[in-house]
Amino acid sequence: VDAGHREVRLVPSNARALVAEHDLVVEGADNFATKFLVADAARLESRPVVHAGVVRWAGYALATGPQSRPCYRCLFEDLPREQPDTCAISGVVGPLVALVGALQAELALEILLGRAEASARFVHVDALRGGPIRTRRLAWRPGCATCGERPSVKDIDPARYVQPSCA
């Protein structure tokens with residue numbers, strides 16, 4: 001994280017403070033623990049986030065508003081319990097990373113320009129199946145731990161962001 005031109009590692013103890021320093025968070029971490037940490041910290045600090053991820057031939061970009069529904073946990077409920085398919089394990093197609101980064105940048109610019117329709121937009125591309133770029137609005141999940149009817153994520157608990165270890 002570039003926090004005022006100094007490099008800082010994003011960890012549970014500083015996530016909220018780092019996120020609070022910015023108007024928009026652009027997240028492209030390579031692990032689910034960090035993705036959820038950013039999503040939760042941004043939600044708690046009322047900051048919009050544009051997430052992105054790529055594994056093998058598929059990738060996505062997702063924009064979520066500061067307090068709007070749905071959120072990142074509406075799509076990905078929680079950290080996977082078993083070892084997830086990650087870029088470190090399965091690799092990525094380099095040009096797809098560039099494409100997803102461009103889609104992520106477009107969503108970020110729309111949010112910065114105040115276009116509310118960017119929030120809850122999920123853009124997915126599957127390059128192995130011909131590369132159509134599909135955009136859809138996410139559905140809100142009433143039982144979501146972050147934005148649901150009874151949210152349970154009310155602070156950053158370090159135990160919540162522990163990625164399962166490789167077996």
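## Strand 3 and its partners

In strand 3, alanine 61 is the bridge partner of alanine 52, and in strand 4 the bridge partner of alanine 61 is valine 123. The model is a predicted one, in which local features need pLDDT of at least 70, side-chain atom pairs count only at pLDDT 80 or more, and totals for chains, interfaces and linings use all residues. Residues are numbered from 1 along each chain as its sequence is written, and side-chain values use heavy atoms, with hydrogens and water left out.

Strand 2 and strand 3 run antiparallel and are joined by seven bridges; they form a hairpin with two residues between them, and arginine 56 in the turn has a positive phi of about 55 degrees. Strand 3 (residues 58-64) is also antiparallel to strand 4 (residues 121-126), to which six bridges join it, and the partner of alanine 58 in strand 4 is aspartate 126. Six of the seven residues of strand 3 are buried, so this strand is largely enclosed by the rest of the structure; buried means under 20% relative accessible area, exposed over 50%, and partly exposed in between, with a 1.4 Å probe and protein chains only.

Helices (H or I, at least four residues) and strands (E, at least two) are DSSP runs numbered from the N terminus, and two strands pair if DSSP finds at least two bridges between them.

Axes here are lines fitted to C-alpha atoms, for helices over the stretch in contact, and angles run from 0 to 180 degrees between N-to-C directions; contact means heavy atoms within 4.5 Å.

## Cavity and pocket

The structure holds one cavity of 30 Å³ or more, and the largest cavity has a volume of about 100 Å³. On a 1 Å grid over the protein atoms alone, a cavity is a set of points where a 1.4 Å probe fits but cannot get out, whereas a pocket is an open set with protein on both sides within 12 Å along at least five of seven lines, and lining residues have an atom within 4 Å of a point. Grid points are joined across faces, edges and corners, and a volume is the space filled by probe spheres set on the points. Of the 14 residues lining the largest cavity, Ala39, Arg43, Thr64, Cys71 and Tyr72 lie nearest its centre. Helix 2 gives the largest share of this lining, four residues, while helix 2, strand 2 and helix 3 (72-75) each supply at least two.

The largest pocket has a volume of about 540 Å³ and is lined by 28 residues, of which Gly53, Val54, Val55, Ala58 and Tyr60 lie nearest its centre. Two or more lining residues come from each of helix 2, strand 2, strand 3, helix 5 (94-112) and strand 4.

## Proline 142

Proline 142 lies in the segment after strand 5 and, at 37% relative accessibility, counts as partly exposed. Leaving aside residues up to four places away in sequence, proline 142 touches Gly148 and Glu149. The C-alpha atoms of proline 142 and cysteine 74 are separated by 8.5 Å, although these residues are 68 residues apart along the chain.
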